[in-house]
Amino acid sequence: EGYTEFRGGVRDESGAYRRPLDAGRVRSLVASAHGWSPLGPSGVAGGVTVERTTLEEGVPANLGEAYAMSPHLFADSSGTDLGRTLARLEGAGGWMLGDWGLGLALGHESWDTRTDVTQVPRSQRASRSGAAVGATRALASGRLMVGGQARWLSQVQAMSINTRQAETTVYMLEGYGEPVATRLVARQGYSRRVEREGGAAGVSAQIEAAGVRWIAFAEASKLAERQSEQFSNNPPTDRWDARGRALGVAASGGAPDGPSHFVARLTWARVTGEAARAGLEEEGTLFGATESVLDGALDVRLRTARGWQGGAHLSLVRDDRDRRDRLARVRSSLKSWRPALAVEGARDLGETLALGVGGGVAWHPPEGGIPDPRSQGNGYRTWIGPGLSYEATPSRTTSGVVTLRWRSARGESVAFEARYDRATVRGSDVTLPLAPAGSRGVWNVAVRWAW
């Protein structure tokens, strides 16, 4: 049988606990439709998503990925509200040809971000396309499965700022040095173009023994980013190149719809990137970053004959981030063990209704060192320093979720879900300069109709 789901939801995020390039408030409205259908030994799946987001209460960033590893980004002082419309289309197919399995997935999304009525109009247009292909081969009478996969991603962004009767200041952020400020008076403009191209390839293996399914994988990836002025011939270009590796193993036992089921996984990933600045190519790499993550998790699900269901999720993440700015002669190095625990329970309320309640908590206790902002300039203390203090400040995130589901005798179901997450600063013996305060909360409310 196939499966079809329509979903509508709202999201509202706000609070003082944020970084300087984050919007003070983010509100989103999303609608989507997804489905899959078997075709004999094969199958197809696809979906479409439309999202409208409003960025409010101070929005200085003009890049869609302000806190990625790349140091190249810019911000402006106008801080006017932005509205973003995003559309995503994706599809996939899988085919079985004897002992061979083949898969192909394609996706594309575009978004348009712009101000409404303002003296400093800002806009951003972007599109991103991706594809993934894979092949598997069954061996040992189907007990062993080996495979390979490859992924490709391409993204283009064009951003611009125009001044009418007002003035604004644009800041180029290039690592940990003092941002370069450019004052735009009336009827001046500023634009940037960002191009990203990336890919990944890997291998995997799966074997089942004693009722437990084991999966292992290895993957290598790379990403190239180029930034330049938008309306120039052969403009000077900022460069960012990153390479990554990932390894992982997972085990699962029991049937997902049976009385018990568990999934355990352990993954490791490491990414190293190097940046070169326009006009300083002869200097070579001026900014380098290395990030690694060791992520372990265990999920357990239990179901009783009396209509009770329960689940628990336990995870522990080791995060290492090291960034070096040769030009500014400073670096940051942060490490943390981030434990998290979540539990949930559900109960059938008669033949058609079910109610679920869950909650969780996660901790972020970083340690290490960041540059002292008291020895830096005003631009650094405004745009860069608070973000580093945010990453170096201990915090705790708590969450709660309630789900109510109705299911008909024909197999249709309607589910309502409300979730709230709240991040707060934890007490520490050391108070960092420019450290964030307060809290930040996120509401997610959704309705799903499926059959």
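Tutor: Start with β14 and strand β15 (residues 287-303): 16 bridges join them, and they run antiparallel. Strands here are DSSP runs of E, at least two residues long, and helices are runs of H or I, at least four, numbered from the N terminus. Two strands pair if DSSP finds at least two bridges between them.

Student: Is this experimental or predicted, and what's the numbering?
Tutor: This is a predicted model: local features need pLDDT of at least 70, side-chain atom pairs count only at pLDDT 80 or more, and totals for chains, interfaces and linings use all residues. Residues are numbered from 1 along each chain as its sequence is written, and side-chain values use heavy atoms, with hydrogens and water left out.

Student: Back to β15. Which residue there does H261 stand opposite?
Tutor: R301.

Student: And how many bridges between β13 and β14?
Tutor: 15, again antiparallel, with β13 covering residues 238-253 and β14 residues 260-276. L247 has W268 in β14 as its bridge partner.

Student: What about the hairpin of β13 and β14?
Tutor: It has 6 residues between the strands, and G254 takes a positive phi near 80°.

Student: Which residues touch the most other members in the largest nonpolar core?
Tutor: L21, L173, Y176, W240, F287, W383 and I384, out of 18 residues. A nonpolar core is a set of buried Ala, Val, Leu, Ile, Met, Phe, Trp, Tyr and Cys residues joined through side-chain atoms within 4.5 Å. Buried means under 20% relative accessible area, exposed over 50%, partly exposed in between (1.4 Å probe, protein chains only).

Student: Which elements give two or more residues to this core?
Tutor: β4 (72-76), β9 (168-174), β13, β15 and α1 (378-383). There is also a second, separate core of 9 residues, including F74, V120, M159 and V194.

Student: What is F287 in contact with?
Tutor: Leaving aside neighbours within four places in sequence, its contacts include M69, P71, Y176, W240, R323 and D325. Contact means heavy atoms within 4.5 Å.

Student: New topic. How much space is in the largest pocket?
Tutor: About 1100 Å³. Of its 45 lining residues, R303, Q309, A346, R405 and R407 are the closest to the centre. Strand β18 (residues 353-364) gives the most to the lining, 6 residues.

Student: How are pocket and cavity defined?
Tutor: On a 1 Å grid over the protein atoms alone, a cavity is a set of points where a 1.4 Å probe fits but cannot get out; a pocket is an open set with protein on both sides within 12 Å along at least five of seven lines; lining residues have an atom within 4 Å of a point. Points are joined across faces, edges and corners, and a volume is the space filled by probe spheres set on them.

Student: How many cavities, then?
Tutor: The search finds 3 of 30 Å³ or more. Helix α2 (residues 385-391) gives the largest share, 3 residues.

Student: And which residues line the second largest cavity?
Tutor: Among them are P71, H72, E174, L286, F287 and D325. That cavity holds about 40 Å³.

Student: Last one: where does P339 lie?
Tutor: In strand β17 (residues 330-349). P339 is partly exposed, with a relative accessible area of 28%.
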